[in-house]
Every structure is written in C-alpha cells, then in structure tokens.
Amino acid sequence: MGKRRAAAEIRRDAEFAAFTAGAAGRLLHAATLLAGDPEGADRLLTATLAHVYANWFRMRAEDPYERARSELVRRFAYRPWWQRPRGGTLDRLGRQERLIVVMRFFEGIAEEQTAAQLGLPDERVRTLCAHATATLRSRNGDRQPPAARSVPEPRPTAVAP
C-alpha cells in the first residue's frame, strides 16, 4: 500500500472514530426506537455504521450524521417482514408510522424532508403522523391512574356524659 493511501486510511479511521464518538449514542437511541429491542438495534446500527465507514471517502461534502440517519431509515424501512420490531414504546405502530414518529419527533426532521426521504407525499406523512400520535395518546390514556375515589367524611360521634 502506498504512503498516500495509508495516510488516507489513517485519516478516515480517525475521522470515523470521532464521528462515532459523537453520534453513536443518538443513532443507537433512534435504532432502538425503530427496532424495538436492543439486539435488533445493535444489528441495525452495526450494519448502518459499516455502510457509512465503507463509503466515507465518497461522502466528501455530505454530513456524515445525515448519511448515517438516512441509511438507518433505509435499512429499517426495507427489512423483511419477519424482522419486524416487537416490543418497545412504539410497538402498536406500523412500520411507516414508527419511522415517521422517530424522524419527526425524535430526530426533529421537517415534514417535507421526511416525506422526501421516505418517498411519500407530504399529505401522507401528515396523515400517518396524526394517526400515530392518536394511537400513542390513546395508549397513554390507558396507563393513567384511576380517578381518586371519594372518601366519605367521618360522622361526628356522640360523646357520652
């Protein structure tokens, strides 16, 4: 291997290590929300980071976090049906609803960007987001504590002389 290539590899390794040190926690949290379980999230994030590492030289002016997030979303969106998420807070949501909730509310991506990344019309993203939000709110409503019971006031007792 030539000196230039070796220097480029060392630089890539250092840049990628700095990127993962700063972004891996947030990406892991997003992967956990999407996958529903820690093991599935680890597999999803590992595959994503491997792809980003392999394409590091091609990303030149791109934001590596944006590229990693896009790859994470793509890998989740196109996974086989038998690898669907089970468990987690978002378990009652469908695949697209889960993606939209994570992208819109956790990642803070605008509606138009979410629609473009998922290849959906803006109106469809808006509808799915509203449906997912209603589903999550109804589930949280079930977890609220029951209303406090009314306790009868004590009766005054007669004092014997």
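**Close-up 1. Two buried phenylalanines, F16 and F19.** In this predicted model, F16 and F19 are both buried, where buried means under 20% relative accessible area, exposed means over 50%, and partly exposed is in between (1.4 Å probe, protein chains only). F16 comes in at 13% relative accessibility. Helices here are DSSP runs (H or I, at least four residues), strands are E runs of at least two, and both are numbered from the N terminus. Local features need pLDDT of at least 70, side-chain atom pairs count only at pLDDT 80 or more, and totals for chains, interfaces and linings use all residues. Residues are numbered from 1 along each chain as its sequence is written, and side-chain values use heavy atoms, with hydrogens and water left out.

**Close-up 2. F16 meets W56 edge-to-face.** Rings of Phe, Tyr and Trp (its six-membered ring) pair if their centres lie within 6.5 Å; planes under 30 degrees apart are stacked, over 60 edge-to-face, and the rest tilted. The F16 and W56 ring centres are 5.6 Å apart with planes at 90°, so this pair is edge-to-face. It bridges distant parts of the chain: F16 is in helix α1, while W56, 40 residues away, is in the loop between α2 (38-54) and α3 (64-77). W56 is buried too, at 10% relative accessible area. Ring pairs tie F16, F19, Y53 and W56 into a cluster.

**Close-up 3. Arginines over rings.** R12 lies over the face of Y53, 4.2 Å from the ring centre. R26 does likewise with F106, at 5.9 Å. A charge sits over a ring if NZ of Lys or CZ of Arg is within 6 Å of the ring centre and within 35 degrees of the ring normal.

**Close-up 4. F19 in the largest nonpolar core.** What counts as a nonpolar core is a set of buried Ala, Val, Leu, Ile, Met, Phe, Trp, Tyr and Cys residues joined through side-chain atoms within 4.5 Å. The largest one has 36 residues, and F19 and L27 have the most contacts inside it. Helix α1 gives the most to this core, with 8 residues. Setting aside neighbours within four places in sequence, F19 touches A24, L27, L49, V52, W56, P64, Y65 and A68, with contact meaning heavy atoms within 4.5 Å.

**Close-up 5. F76 in helix α3.** F76 belongs to helix α3 and is buried, at 0% relative accessibility. Its C-alpha atom is 7.4 Å from that of L44, 32 residues away along the chain.
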